[in-house]
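Colleague: I have not looked at this one before. Can you put it up and walk me through it?

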Amino acid sequence: MAPSDPLAHLDIVLFAAGATPLACEARRVRAAQELTGADLPAVEALLGLPPTAGSRQTLIVRGADADWPLSVRGPVTLRSLPAADIHPLPELIAARCRLPGLRALAFVDGQLTPIVDPRTWPGA
C-alpha cells in the first residue's frame, strides 16, 4: 500500500482491563477523561476479568442508541496503527474465544494486543 493510502493505518484507542492491554477503533469512542466519583461499570466486570487497582479513566463509548461511560484502567491513549501490525483471528481462536467483541490481534509496541468492539459488550 502506498504511504498516502488512508487504509494503511487504523486509529485506535489503547487502554487496559486489569493486566490485559486492549484496543478499539477510535471511531467507537467519543471521549476519554479522568474518572470522577461516578460509579461506572468497570471493563473488567463486563469481560469477566478480575478487578485490579491502579489509575482509572472514563471511556465514553459510542453506543447504537446512546453513548455510555465505562471505567477502564489508564492511561487511555490514541494511536495510529499500521495495517500490517493488525492480524485477523486464527480460526481456532475465533471459535473458542470467550472475550466478547474480539475482532483482531495487533502488535502494539511489541506487545500482542486484542482489538475489541465494545458495542458487543453486555450493557452496551
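Modeller: Start with Val29, which stands opposite Val61 in S4. Strands here are DSSP runs of E with at least two residues, helices are runs of H or I with at least four residues, and both are numbered from the N terminus. This is a predicted model, where local features need pLDDT of at least 70 and side-chain atom pairs count only at pLDDT 80 or more, while totals for chains, interfaces and linings use all residues. Residues are numbered from 1 along each chain as its sequence is written, and side-chain values use heavy atoms, with hydrogens and water left out.

Colleague: How many bridges join S3 to S4?

Modeller: There are 5 bridges between strand S3 (residues 29-34) and S4, and the two run antiparallel. Strands count as paired if DSSP finds at least two bridges between them.

Colleague: And which way do S4 and S5 pair?

Modeller: S4 and S5 are antiparallel, over 6 bridges. Gln57 stands opposite Val72 in S5. A hairpin with 6 residues links S4 to S5.

Colleague: Is S4 enclosed or open, and why?

Modeller: S4 is largely enclosed by the rest of the structure, because 6 of its 6 residues are buried. Buried means under 20% relative accessible area, exposed means over 50%, and partly exposed is in between, using a 1.4 Å probe and protein chains only.

Colleague: Which residues of S4 point which way?

Modeller: Arg56, Thr58 and Ile60 point one way, Gln57, Leu59 and Val61 point the other way, and all are buried. In a regular strand the side chains alternate between the two faces of the sheet.

Colleague: What does the side chain of Arg56 make a polar contact with?

Modeller: The side chain of Glu44, at 2.9 Å. Arg56 also has a polar contact, side chain to side chain, with Ser71 (2.9 Å). A polar contact is a pair of N or O atoms within 3.5 Å; within protein, one must be able to donate a hydrogen and the other to accept it, and residues adjacent in sequence count only if both atoms are side-chain atoms. Arg56 itself is buried, with a relative accessible area of 18%.

Colleague: New topic. Which residues touch the most other members in the largest nonpolar core?

Modeller: Of its 21 residues, those are Val13, Phe15, Val43, Leu59, Leu70, Val72 and Trp121. S5 gives the most to this core, with 4 residues. A nonpolar core is a set of buried Ala, Val, Leu, Ile, Met, Phe, Trp, Tyr and Cys residues joined through side-chain atoms within 4.5 Å.

Colleague: Where does Val13 sit in the pairing?

Modeller: Val13 stands opposite Leu78 in S5, and its bridge partner in S2 is Cys24. S1 and S5 are antiparallel over 7 bridges, and S1 and S2 are antiparallel over 6 bridges.

Colleague: Is Asp109 buried or exposed?

Modeller: Asp109 is exposed, with a relative accessible area of 65%. Asp109 lies in the loop between strand S7 (102-108) and strand S8 (111-116).
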